[in-house]
Amino acid sequence: KGLWRTLTFSEWEYLYYKRAQAESLRGHGSVNNVNGLILLPDGWETPSSVTFTPNPKNYTTNVYSLAEWAIMGAYGAVFLPAAGARFGTDLEEVGTYGIYWSSSYYDEDHVYSLSFNLHSVHATNLSARYYGASVRLVQDVK
């Protein structure tokens with residue numbers, strides 16, 4: 001209880017595909033002028049002072065200030081910045097693309113990851129381990 005860790009392949013897959021109403025619990029957006037992907041918890045109820053539109057396919061529909069995001073976060077929303085990825089020594093697609101490691105590996109050269117841009121999200125993506133991806137830590141509370 002209380003330990004920080006990275007999500008597994010199965011957990012990313014659940015969040016994005018397998019849970020009830022998965023499509024209505026995610027969407028692109030912007031927090032404090034940073035583009036990214038928003039994931040909402042199961043049983044989400046939108047706070048009265050903000051709005052959320054699922055899957056708008058743009059970063060300009062769900063736009064939040066830091067104060068508004070504090071409200072969303074208090075209700076359990078999670079923001080994954082479109083931080084780009086490192087390919088060799090190059091950092092590419094910052095602001096339009098995000099890739100996040102899982103803790104599950106496929107083989108000695110590949111790991112499962114979640115990747116997204118405005119056109120698609122893949123929670124079952126295989127990525128070469130030598131790519132530079134972001135890490136989103138979660139804390140177990142049960």
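**Notebook: surface patch, rings and backbone**

Trp 4, Val 135 and Leu 137 make a nonpolar patch of about 320 Å². Patch members have over 30% relative accessible area and no salt bridge; nonpolar side chains (Val, Leu, Ile, Met, Phe, Trp, Tyr) are joined within 5 Å, like charges within 9 Å. A salt bridge here is a side-chain nitrogen of Lys or Arg within 4 Å of a carboxyl oxygen of Asp or Glu. Areas come from the Shrake-Rupley method with a 1.4 Å probe, and for residues only the protein chains shown count as cover.

The model is predicted: local features need pLDDT of at least 70, side-chain atom pairs count only at pLDDT 80 or more, and totals for chains, interfaces and linings use all residues. Residues are numbered from 1 along each chain as its sequence is written, and side-chain values use heavy atoms, with hydrogens and water left out.

I then placed Val 135. It lies in the loop between β10 (121-128) and β11 (137-139). Helices (H or I, at least four residues) and strands (E, at least two) are DSSP runs, numbered from the N terminus. Val 135 counts as partly exposed because its relative accessibility is 47%. The cut-offs are under 20% for buried, over 50% for exposed and partly exposed in between (1.4 Å probe, protein chains only).

Next, the rings. I searched the whole structure and found 8 aromatic pairs. One of them, Tyr 100 with Phe 116, is stacked, at 6.5 Å centre to centre and 10° between the planes. Tyr 100 is in strand β8 (residues 98-107) and Phe 116 in strand β9 (residues 110-116), 16 residues apart. Rings of Phe, Tyr and Trp (its six-membered ring) pair if their centres lie within 6.5 Å; planes under 30 degrees apart are stacked, over 60 edge-to-face, the rest tilted. Tyr 100 is buried, at 4% relative accessibility. Phe 116 is buried too, at 1%. I also noted a cluster: ring pairs link Phe 9, Tyr 106 and Tyr 112.

What sits over the ring of Tyr 16? I found the charged end of Arg 26 there, 3.7 Å from the ring centre. The test asks for NZ of Lys or CZ of Arg within 6 Å of the ring centre and within 35 degrees of the ring normal.

Last, the backbone. Gln 21 is not a glycine, yet its phi is positive, about 60°. I placed Gln 21 in the loop between α1 (9-18) and β2 (26-31). Gln 21 counts as exposed because its relative accessibility is 61%. Glu 93 also has a positive phi, near 60°. Its place is the loop between β7 (90-92) and β8. Glu 93 is partly exposed, at 40%.
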